Amino acid sequence: MHLRDQEKKILNGEHGEARRIALSILVDLGELFGAEEMMEVSQVHIDSSIYMVDAGLDFAERFAELGAKVAVPTSLNPSAIDLERWKEYRVPPDLLDKSRRMERAYLQMGTTPTWTCAPYQQGMIPRFGEQIAWGESNAIAFANSVIGARTNRYGDLMDVCASLVGRVPRFGLHVRVNRRAEVLIRFTGITGEMFEDKAIYPLLGFLVGEMAGDRVVAVEGIPGSVGMDSLKGFSAAIASSGAVGLFHLVGVTPEAQTLEMCLQGTRPKEVLEIAPKMIRKAEEKLWTAEGDMVDLVVIGCPHFSFMEFRELALLMNGKRVHSTIAFWVFTSRTVYGWIKNCGIVKDLTDSGVMVFTDGCPLQYPKETWHFDVMMTNSAKLANYCYSQTGLDAAYGSLEDCVDTAVQGRIVRRKSPWKKY
Ligand code: F3S
């Protein structure tokens, strides 16, 4: 790989041991993928901020001890816990201690304590075409596809290395030609009524992710009126069932104002179709729950936006969460500040909803809560639920989640694709 003088100096240790280690790891990554040079990125989003195993903590503390400092603005994905409401979240002492150590190490490195998996819905939003290095699969898919910024799917710890040197190897989705769609997916028999049910978007994301694998995919037929939060649910789902870093929605996403644009003058290698029956089957796959018993309802995966809170507050108006149900919403500290200032936090907590920041429901403290069945409006969470938490999952719209939490049993409206 061709290295510039500045990069050679970093590799010689002239900018400290932490940067030397970080750059040498990234150069190895680049050589593995045939990159010819390094390139600068303007910002980084670190996924490794969540405590999962001691190795991740050791890595962060080692860099902090070496005096590592981020070279570019760097946001943080969720912690394992709510770092502020840890008592209400019943965090065991060991997990609290390790999450706090993780927090200390990353703050010492100069990162911004965003603690959110939806960094694109608050301050640090890249522009179209901006070269960035993001971790967290939903955020990567959203940044590449909905915003049109450019990042590869940076895995844990690579993101940390990128933040310390503000550079990554030039390969993959950083390069325009690799952003062209290889697979085209069209709808057949999907009606306007189906698109009015917002639960369709995470389901479509889940299906398209399965069909795309790790390929760049173009989808024709998504209505131009689709909202940001539906695109968020789609991005999270597509990146959980597939290894998708970039998708194009023709006429919707910025690099796909026309089909020709996202194909970059080529023909798709494969053309596939999605019919209503496939959406019904995708939804069935996300259900492992049997019957209508449920004890946990979780929304905010990815973290809830201000607009979603407004909708939730309207749906909860005058209602109360059933005594047998825990109803959790996860969001960022920034959005929490907004909803606190306008009274939504008080209204929701008065009705029995628990609003948490910083954390990720997949890592909830199992030793102190004893649940069997979770309902959610997130296809990503439903997809990972059983394998990562041991809970059975049920999937529905936001309205279904609210009705379920209020009635104390699983409620799922009849969706328009159910009859196929
Ligand atoms: Fe975010 Fe955790 Fe869901 S990191 S996207 S809340 S699985």
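Is Gly-396 buried or exposed? With a relative accessible area of 0%, Gly-396 is buried (buried means under 20% relative accessible area, exposed over 50% and partly exposed in between, with a 1.4 Å probe and protein chains only). The model is a predicted one, in which local features need pLDDT of at least 70 and side-chain atom pairs count only at pLDDT 80 or more, while totals for chains, interfaces and linings use all residues. Residues are numbered from 1 along each chain as its sequence is written, and side-chain values use heavy atoms, with hydrogens and water left out.

Gly-396 sits in the loop between strand E14 (392-395) and helix H16 (398-407); helices (H or I, at least four residues) and strands (E, at least two) are DSSP runs, numbered from the N terminus. Leaving aside residues up to four places away in sequence, Gly-396 touches Met-375, Thr-376, Asn-377, Cys-401 and Arg-412, where contact means heavy atoms within 4.5 Å. Leu-32 is another story: Gly-396 and Leu-32 are 364 residues apart in sequence and 42 Å apart in space, C-alpha to C-alpha.

Now to helix H4. Buried in H4 are Leu-95, Leu-96, Lys-98, Ser-99, Met-102, Glu-103, Ala-105 and Tyr-106. These buried residues pack against strands E2 (44-46) and E3 (74-76), and against helices H3 (54-65), H6 (158-165) and H13 (333-341).

In the loop between E3 and H4, Arg-90 has a positive phi near 50 degrees, although it is a residue other than glycine. Arg-90 counts as partly exposed, at 39% relative accessibility. Just after H4 comes Gly-110, with a positive phi of about 90 degrees. Trp-115, also not a glycine, has a positive phi near 45 degrees and belongs to the loop between H4 and strand E4 (133-134). Trp-115 is buried, at 0% relative accessible area.

Around it are Pro-78, Cys-117, Glu-136, Asn-138, Cys-301, Pro-302, Cys-360, Pro-361, Leu-362 and Lys-380, each with a heavy atom within 4 Å of it. By class, this shell has seven nonpolar, one polar and two charged residues (Ala, Val, Leu, Ile, Met, Phe, Trp, Tyr, Cys and Pro count as nonpolar, Asp, Glu, Lys and Arg as charged, and the others, Gly among them, as polar). Cys-301 and Pro-302 are joined by a cis peptide bond, with omega about -5 degrees, and Pro-302 lies in strand E10 (residues 296-304).
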